[in-house]
Amino acid sequence: MQKIKEHPLQKQIILLLRGLNIFCFQTDVMDGLKFCTSQQARLSFINHHKAMGYVNGQSDLVIIFQNKVVFAEIKTTKGVQSKEQKKFQSIVESLGFQYVIFKSLEDVIFYIKENNLLDKTKFNPYNNLVII
């Protein structure tokens with residue numbers, strides 16, 4: 001299996017899911033910190049997103065199937081969850097939602113097949129959505 005970094009893997013997973021007409025969106029707003037060149041800009045960025053609802057450790061993706069919402073964390077084959085991510089997982093699962101960790105496209109395909117989710121995906125929510 002080819003080594004791939006987390007963000008390129010996440011992009012591949014999103015393309016796969018959207019290609020299967022599965023509605024998903026990313027929540028990784030903190031990746032934008034790399035564009036902040038000063039400490040003041042970083043603090044402003046963080047404070048803005050926290051005020052807008054960002055939660056430390058939140059999952060990378062939210063995937064919405066027919067009558068099922070899944071929170072997905074994307075990791076490399078050697079990646080591990082942070083303490084905050086484990087806490088977020090615990091909260092999500094205590095509320096009755098599913099939390100999964102995907103380390104490859106194969107993991108996603110296996111999850112969809114194993115849970116018989118492809119048959120329940122009958123619409124394409126992206127038909128009228130402009131993606132920039």
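**Entry 1: getting oriented**

Helices and strands here are DSSP runs, numbered from the N terminus; a helix needs at least four residues and a strand at least two. With that in hand, I looked up Asn116 and found it in the segment after H4. I note for myself that I am looking at a predicted model.

I went through the elements next. The protein has four helices and four strands. Reading from the N terminus, I get the order α-β-α-β-β-α-β-α. The chain comes to 132 residues, of which 34% count as buried.

**Entry 2: helix H1**

I started with H1, which covers residues 6–19, 14 residues in all. From first C-alpha to last, H1 reaches 20 Å, close to the 20 Å expected at 1.5 Å a residue.

Which residues of H1 are buried? I found Leu9, Gln10, Ile13, Ile14 and Leu17. They sit on the same side of H1, because they cover an arc of only 140° around the axis.

**Entry 3: the core**

I then looked for the largest nonpolar core and found one of 18 residues. Ile13, Leu17, Ile63, Phe65 and Phe102 have the most contacts inside it. H1, E2, E3, E4 and H4 are the elements that give two or more residues to this core. H1 gives the most, with four residues. As a general note, nonpolar side chains tend to be buried together in soluble globular proteins.

Leaving aside neighbours within four places in sequence, Phe102 is in contact with Leu9, Ile13, Ile63, Ala72, Glu73, Ile74, Lys75, Asp107, Val108 and Tyr111.

**Entry 4: Glu73**

Glu73 turned up among the contacts of Phe102, and I looked it up too. Glu73 is found in strand E3, residues 68–74. Is Glu73 buried or exposed? It is buried: its relative accessible area is 0%, and the cut-off for buried is under 20%. Not counting residues up to four places away in sequence, Glu73 touches Glu6, Gln58, Ser59, Asp60, Gln85, Tyr99, Val100, Ile101 and Phe102.

**Entry 5: aromatic rings**

How many aromatic pairs are there in the whole structure? My search gave six.

One is Phe71 with Phe88: the ring centres are 5.9 Å apart and the planes lie at 75°, so I logged the pair as edge-to-face. Phe71 lies in strand E3 and Phe88 in helix H3 (residues 83–94), so this pair ties together parts that are 17 residues apart in sequence. Both Phe71 and Phe88 are buried.

Phe71 also forms an edge-to-face pair with Phe97, at 5.8 Å centre to centre and 80° between the planes. Phe97 lies in the loop between H3 and E4, so the pair joins parts 26 residues apart in sequence. On accessibility, Phe71 comes out at 16% and counts as buried, whereas Phe97 is partly exposed at 37%. Ring pairs link Phe71, Phe88, Phe97 and Tyr99 into a cluster.

Last, I checked phi angles. In general, most residues other than glycine have a negative phi. I found Asn21 with a positive phi of about 60° although it is not a glycine. Where does Asn21 lie? I found it in the loop between H1 and E1, just after H1. Asn21 is partly exposed, with a relative accessible area of 28%.

I came back to Asn116 here. Asn116 has a positive phi of about 50° and is not a glycine. At 44% relative accessibility, Asn116 counts as partly exposed.

Notes:
Residues are numbered from 1 along each chain as its sequence is written. This is a predicted model: local features need pLDDT of at least 70, side-chain atom pairs count only at pLDDT 80 or more; totals for chains, interfaces and linings use all residues. Side-chain values use heavy atoms; hydrogens and water are left out. Buried means under 20% relative accessible area, exposed over 50%, partly exposed in between (1.4 Å probe, protein chains only). Contact means heavy atoms within 4.5 Å. The expected span of a helix is 1.5 Å times one less than its number of residues. The arc is that of the directions from the helix axis to the C-beta atoms. A nonpolar core is a set of buried Ala, Val, Leu, Ile, Met, Phe, Trp, Tyr and Cys residues joined through side-chain atoms within 4.5 Å. Rings of Phe, Tyr and Trp (its six-membered ring) pair if their centres lie within 6.5 Å; planes under 30 degrees apart count as stacked, over 60 as edge-to-face and the rest as tilted.
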